[in-house]
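Take a walk through this protein with the sequence and the 3D view side by side.

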Amino acid sequence: MSYEKIAFELNKAKVFSKLSDIKIRGKTLTLTVSSPKKHFEWIGLMLGYNWKIEEDREEYFLKPDGFRDTGKRIEIDCTIDLEEFPFRMTHWSFYAVYMCDGIYYYSKVLLGSKKKESRLQFLLSKDYYKTGDGHIVFVYIGSGKQVMLRFRESASYDNRLFRARELLAKFIVHSFGKRMKKKKIWLIYEKRCAKAQDNGYYLFKYCMENDMELYLDRKIFFVIDKNSADRKKLDAYSGHVLNFLSLKHLIYLIMCDLLVSPDSRQHAYLWQCQKSAIDYLVRKKKHVFLGHGVLAMKRLNDSFLARNMRSVLCTATSDLEAGIIKNELGFPGYAVPVTGYARFDALYDTSGDSREILLMPTHRSWLFGVERDIFTASDYYHRYMAILNSDELISYLEQKDVYLNFYLHPSIGEHVSAFSGKSDRVRIIRFGEVSLDDLMMRCKLLVTDYSSVAWDVFYMGKPIILYQYDMEKYQETWGSYIDLEKDSPGERAQTHKELITLIKSYVDNGFEMKTEILDKREKTFTYIDHNNSRRICEALRSRAL
């Protein structure tokens with residue numbers, strides 16, 4: 001079986017189809033879709049890649065095995081060979097396709113009635129396909145109940161043994177839950193429970209070192225993968241650290257009253273899970289959103305809207321940011337205290353006599369999860385390779401005794417090995433080798449694009465260059481909350497030449513921030529002190545969470 005991209009034009013339909021049944025057996029997926037019986041002709045199904053930019057668009061027509069007229073609806077049967085389908089990470093959506101007056105239309109396939117499984121069926125069933133190169137494909141229900149397939153690398157929890165551990169945790173809680181519930185447990189964590197570098201870690205550290213458990217009348221724990229490079233930072237608080245996906249983590253996750261993090265509640269547990277006995281409980285937990293970065297240059301996706309986050313509190317660094325959180329994300333005013341970020345408490349300028357420039361671009365939504373060959377063919381890759389290997393820049397760095405540290409955003413960190421430099425003046429730093437905080441505190445100058453790290457460095461009063469060569473495309477696919485040309489915390493460069501010129505000018509003037517930008521800093525942050533964690537704890541206590 002081979003699959004070809006759709007060659008005809010498609011128009012979005014106002015009708016919807018519903019999933020009647022779907023199964024994965026070996027490498028074969030079979031599904032039945034029930035569609036409304038109207039004055040048009042259903043011709044089959046489509047599987048489309050959830051693209052960000054037009055050139056990444058991929059849509060494949062799935063020839064139906066057959067149609068059935070049930071009287072009120074039309075049922076479409078279809079079979080997919082998962083081994084031969086040309087998947088790419090991460091999300092693919094199902095659509096039903098019909099024709100009316102010679103025009104083709106596509107209709108979303110939504111979840112219909114959901115069959116309940118017994119615990120034994122849940123444990124034994126295998127609703128995914130594992131490829132020979134270590135990826136898995138499984139059915140996933142996205143926002144709005146849209147039926148999708150996820151294609152990602154397989155993880156340690158993609159097996160029946162882990163499902164058994166989940167059921168054991170639920171049994172223990174059911175048997176001893178009343179006694180444990182008295183503990184009033186809070187869990188703090190960061191992205192995918194893989195690190196301790198952000199607002200979650202610094203708030204937890206403050207709580208442990210300032211008797212906040214007594215002040216808040218709560219038991220507070222930090223969740224992290226036992227193999228994380230940051231795990232050693234938590235050794236002093238070992239009695240309050242839970243190993244990610246351990247039986248104890250699962251039990252405390254079921255029992256906890258509150259999740260606290262700089263990311264969504266889903267990061268407290270399985271990421272892009274294909275089946276879980278606990279995940280649905282996590283989605284019901286109260287959550288405090290500590291913020292990951294100052295909301296300004298990068299718009300968040302709809303999953304961060306108040307109605308989707310369902311967070312009871314969201315911290316802000318200023319009245320300006322609080323306004324964005326209320327007006328753009330839909331949080332009520334009482335849920336957005338202006339406290340400052342916990343990690344800002346640990347930010348100090350430690351650059352001293354060092355002469356380092358930090359180059360840290362953010363990722364691009366259209367490059368998230370792509371294969372290496374797609375990444376290295378991108379304009380993004382070639383732009384930054386040109387900087388790292390610029391003869392003009394390298395010669396200047398050597399002349400001025402300056403080093404350039406390149407740190408790729410963790411979301412695309414798997415591609416850092418694709419980058420290389422031809423001079424020891426350029427250091428390519430892998431995620432986990434050096435903490436981002438250390439790199440920011442040591443640097444004299446930051447070069448980024450739209451990353452919120454600009455505000456961390458701005459908080460410390462250091463100069464920033466924003467290399468925004470693709471601003472028009474970025475605004476179309478991602479967008480910002482501020483005017484990037486007027487309200488950014490630094491100077492802008494749109495070409496390679498402009499960037500090199502600005503870097504030279506800042507090195508030549510001793511890395512001094514210009515007066516007009518320094519004045520903007522005082523108006524940007526409500527608090528420039530080291531008491532943000534205290535204010536956050538006060539806000540948590542006042543709301544009796």
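**A walk through the model**

Start with Cys443: its relative accessibility is 1%, so this residue counts as buried. Keep in mind that the model is predicted.

Stay with cysteines. How many disulfides does a search of the whole structure find? The count is zero. Cys207 is in no disulfide, and the nearest cysteine sulfur, that of Cys537, is 3.9 Å away.

Now turn to the strands. Strand β2 covers residues 17-25, and strand β3 covers residues 28-36. The two run antiparallel and are joined by seven bridges. The hairpin of β2 and β3 has two residues between the strands. There, Gly26 takes a positive phi near 65°.

Strand β2 also pairs with strand β9, residues 103-111. This time the sense is parallel, over three bridges. Leu19 has Leu111 in β9 as its bridge partner. In a regular strand, side chains alternate between the two faces of the sheet.

Strand β9 leads on to the aromatic rings. The structure has 40 aromatic pairs. One of them is Phe8 with Tyr104, a stacked pair with 4.0 Å centre to centre and 25° between the planes. Phe8 lies in the segment before β1 and Tyr104 in strand β9, so the pair ties together parts 96 residues apart in sequence.

Tyr95 and Tyr106 form an edge-to-face pair, with 5.2 Å centre to centre and 90° between the planes. Tyr95 sits in strand β8 and Tyr106 in strand β9, so this pair ties together parts eleven residues apart in sequence. Tyr95 is buried, with a relative accessible area of 15%.

Elsewhere, ring pairs link several residues into a cluster, among them Phe375, Tyr380, Phe406 and Tyr469.

Finish with the arginines. Arg427 lies over the face of Tyr403, 4.1 Å from the ring centre. Arg541 lies over the face of Tyr215, at 4.3 Å from the ring centre. Arg231 lies in the loop between β14 and β15. With a relative accessible area of 18%, Arg231 is buried. Its contacts, leaving aside neighbours within four places in sequence, include Ile224, Asp225 and Asn243.

How values were computed. Residues are numbered from 1 along each chain as its sequence is written. This is a predicted model: local features need pLDDT of at least 70, side-chain atom pairs count only at pLDDT 80 or more; totals for chains, interfaces and linings use all residues. Side-chain values use heavy atoms; hydrogens and water are left out. Two strands pair if DSSP finds at least two bridges between them. Helices (H or I, at least four residues) and strands (E, at least two) are DSSP runs, numbered from the N terminus. Buried means under 20% relative accessible area, exposed over 50%, partly exposed in between (1.4 Å probe, protein chains only). Contact means heavy atoms within 4.5 Å. A disulfide is a pair of cysteine sulfur atoms within 2.5 Å. Rings of Phe, Tyr and Trp (its six-membered ring) pair if their centres lie within 6.5 Å; planes under 30 degrees apart count as stacked, over 60 as edge-to-face and the rest as tilted. A charge sits over a ring if NZ of Lys or CZ of Arg is within 6 Å of the ring centre and within 35 degrees of the ring normal.
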